[in-house]
Structures are given as structure tokens and as C-alpha cells.
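Please look at the sequence and the structure together while reading this report.

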Amino acid sequence: MDISITKIAQPKEKPEASTLGFGKYFTDHMFIMNYTEGEGWHDARIVPFGPFSIHPACTVLHYGSEIFEGLKAYRKKDGSVQLFRPIENIRRMNTSAERLCLPQIPEDLAMEVLTKFVEFEQDWTPFAEGTSLYIRPFMFGSDETLGVHAVHNATFMIITSPVGSYYKEGINPVKIMIEADDVRAVRGGTGYAKCGGNYAASNRAGQKAELQGYSQVLWLDGVERKYIEEVGAMNVMFKINGEIVTPALTGSILPGITRKSCIEVLKSEGYTVSERLISVNELEEALENGTLEEAWGCGTAAVVSPIGELAYKGKKFVINEGKIGKVTQHLYDTLTGIQWGKIEDKFNWTCPIKKN
Ligand SMILES: *Cc1c(COP(=O)(O)O)cnc(C)c1O
């Protein structure tokens, strides 16, 4: 597909690595293309980054038809830039699109526009240790009518943001509260789709946890309020009595690419990883009798985030003396090693971006 390019008149100054944080700064350009039923995707363009106008009746503003993805471009030692498993993000975006009745983007087309846009903006990939260029593709319904139905028009965009190291002060285990009231998603709902609506519905519990001094919540399933699902916006894994376990993908859980990569790394090294139902009672028991050896969240932003303390119904449990566990540390070193090109990528997960 032809991508028309309008360059920014005056490129912005790049921020200092130490001030980056997450999602505060954006690069000079953004990518947009439009979908019209019968015509397909058209008008692919790279334009200066900035506000744009939409119709006040635009579907996304009223009925929440929106999905997104999150991945990163990493700067290697030799100065080149690479992506990590981008095809997985593209496939997941199409799965999300199907659930929300948004149009599919053929894999080849999605891969082409993604890599071309990152290639175009690659100078914005920061160099400092642990920093990266966060890539946020997203799609929303853009019919200009209040009628309720699957959309006939959609907009797909990519914005990019240089982000700081997630662990500027070293990897500190976090405190997590098990949420017994609100649920994030239910089977049959949109839990497996990466859609904004799931986040809107999660904010209340997250806010409540924060007010009580916890960084995030551990979600339970929406039907029985019994089975562990995710931690905040990350997947969750445990080492219980030598066994590595993670909740099975039952439909209400987001199929994380970091989760998948952790499982594949561990299996390749001879560990057994069980994807199964984990009840909160099993977890409580393991916490009480000390067989819960490690717990960690996993997602693109943090890679892995060790859990040092879990609170449930007023009781507090410390895990691994509040320190990062061996398996957690190993996964962190392996995945970040592959992502920044410091160790051999024997899984063939990385995707180089052409220098421009
Ligand atoms: C994005 C996301 C994850 C992590 O997925 P990755 O592909 O590993 O980044 C986990 N849970 C939720 C709810 C998410 O939105």
C-alpha cells in the first residue's frame, strides 16, 4: 500500500532519558489509515503528530468500539533497532477486532505499515539502558451516526512514545491486593480482547488498591470469584512447591505475549509449566504453608514484575521474603537479553528495522 508522507516542519527536541517516564512524550509523526465498508483500508498516511478532529457522533465516543496494542522497539548496542514478536501483536489485534466487530487488517498489510512507520520514526528510539520506543497501534469505530450496530467505518492509527526504564531504581517487588468485589472481565465478554473498555472498568479497583498502599489488584474470575485471572494489566505466574503455574486462557484473560514468551522460554529449558485453573484457596493455602515460592506479573511494559506481598481479606502474606525469586530473575534476564539484542535470539522472535 502507498503511504503518503507529510513531514513535520520543525522536528521536536528529544527529551532527556532520565525524564522519559511512560507515555508522556510522543514522536514527531503518527500513522493513520481509514476503513470504509466495501472499499477496505485506504488513505494510509504519515502526518505530523497532533490533535485531530472527529465527528461528535463518532461511534467510539458513545459505544466504546476501540482496541489497541502495545509493543516496543529496542535499541541494540550496534545502534540498530528491533521489534519483539510484532506478528503476535498483529494477530491479537485481529482477534480483538473480531470480538468488537471492527474490521480485520490483513497481517501483511499490518506488518508493512507497522514496520514502515517504526522505520520512519526510529531516531526516536532512545539509547539509554532500559529505555525503548513504545508503539501504540489502535483502532476505533468512526461511523458518524448514533445508530447501534457493527461499524461501517473505522480508523487505525499508530503513535509512538519514547519510554524510560521501568526499573530505574532496580527491580523492586510490588504489593498486590486480591480484589474480591469488582471483576475485570467475564467469560463470553471481552476479557481476551485488548480493548479500552476493559481498562475503564478496571480503574475503580486499581484506585482502591492504590489508596490502601498496593500497586495493583489481583483479579478473580467473574463467575465464581474464585479463580485467579490477572494482576492489574499483566498476566500472572506462580511457583508453587516447585511447579510453575499460570491461569489457563479461559476467555476472560488477555493472552499476553510476555506470558507466552515466559512459557516458551521455561519449556525450552525443561521446566514444566501448567496452564490451569488456580483457585484463591489454593493460593491462600500455599501462602500459609510457605509453598508459594515465587509470584510475578508479566507484560510488555515491565517484562516481569515480582510480587513481594499479597493481601487477601485483611490478611497479608510476604512472598520469598519480599525479594525477587530465581525463576523471575532468570525470565527477566532472558527476555530483556533477547529484546535488547544482548543474548542470542534462538527463538527467532526479533524483527530488525531497516536503518534509514
Ligand atoms: C496487554 C495486557 C497484558 C500483557 O500482554 P503483553 O502482550 O505481554 O504485553 C496482560 N493483561 C492485560 C489486561 C493487558 O491489557
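A backbone N or O atom of Ile257 lies 2.8 Å from an oxygen atom of the ligand, and the table sets this beside two side-chain examples of such polar contacts, a polar contact being a pair of N or O atoms within 3.5 Å.

| Residue | Atom of the residue | Distance to a ligand oxygen atom |
|---|---|---|
| Ile257 | backbone N or O | 2.8 Å |
| Arg92 | polar side-chain atom | 2.8 Å |
| Thr258 | polar side-chain atom | 2.6 Å |

The protein covers 96% of the 380 Å² of accessible area that the ligand has on its own, where accessible area is computed by the Shrake-Rupley method with a 1.4 Å probe. The model is a predicted one, in which local features need pLDDT of at least 70 and side-chain atom pairs count only at pLDDT 80 or more, while totals for chains, interfaces and linings use all residues. Residues are numbered from 1 along each chain as its sequence is written, and side-chain values use heavy atoms, with hydrogens and water left out.

Around the ligand there are 14 residues, each having a heavy atom within 4 Å of it, and the closest include Lys194 and Glu230.

The largest nonpolar core has 45 residues, and Ile228 and Phe238 are among those with the most contacts inside it; such a core is a set of buried Ala, Val, Leu, Ile, Met, Phe, Trp, Tyr and Cys residues joined through side-chain atoms within 4.5 Å, with buried meaning under 20% relative accessible area (1.4 Å probe, protein chains only). Apart from this core lies another, of 36 residues, including Ile3 and Cys195.

Counting as disulfides the pairs of cysteine sulfur atoms within 2.5 Å gives zero. For Cys58, the nearest cysteine sulfur, that of Cys101, is 16 Å away, and Cys58 is buried at a relative accessible area of 2%.

Technical notes: Buried means under 20% relative accessible area, exposed over 50%, partly exposed in between (1.4 Å probe, protein chains only). A polar contact is a pair of N or O atoms within 3.5 Å; within protein, one must be able to donate a hydrogen and the other to accept it, and residues adjacent in sequence count only if both atoms are side-chain atoms.
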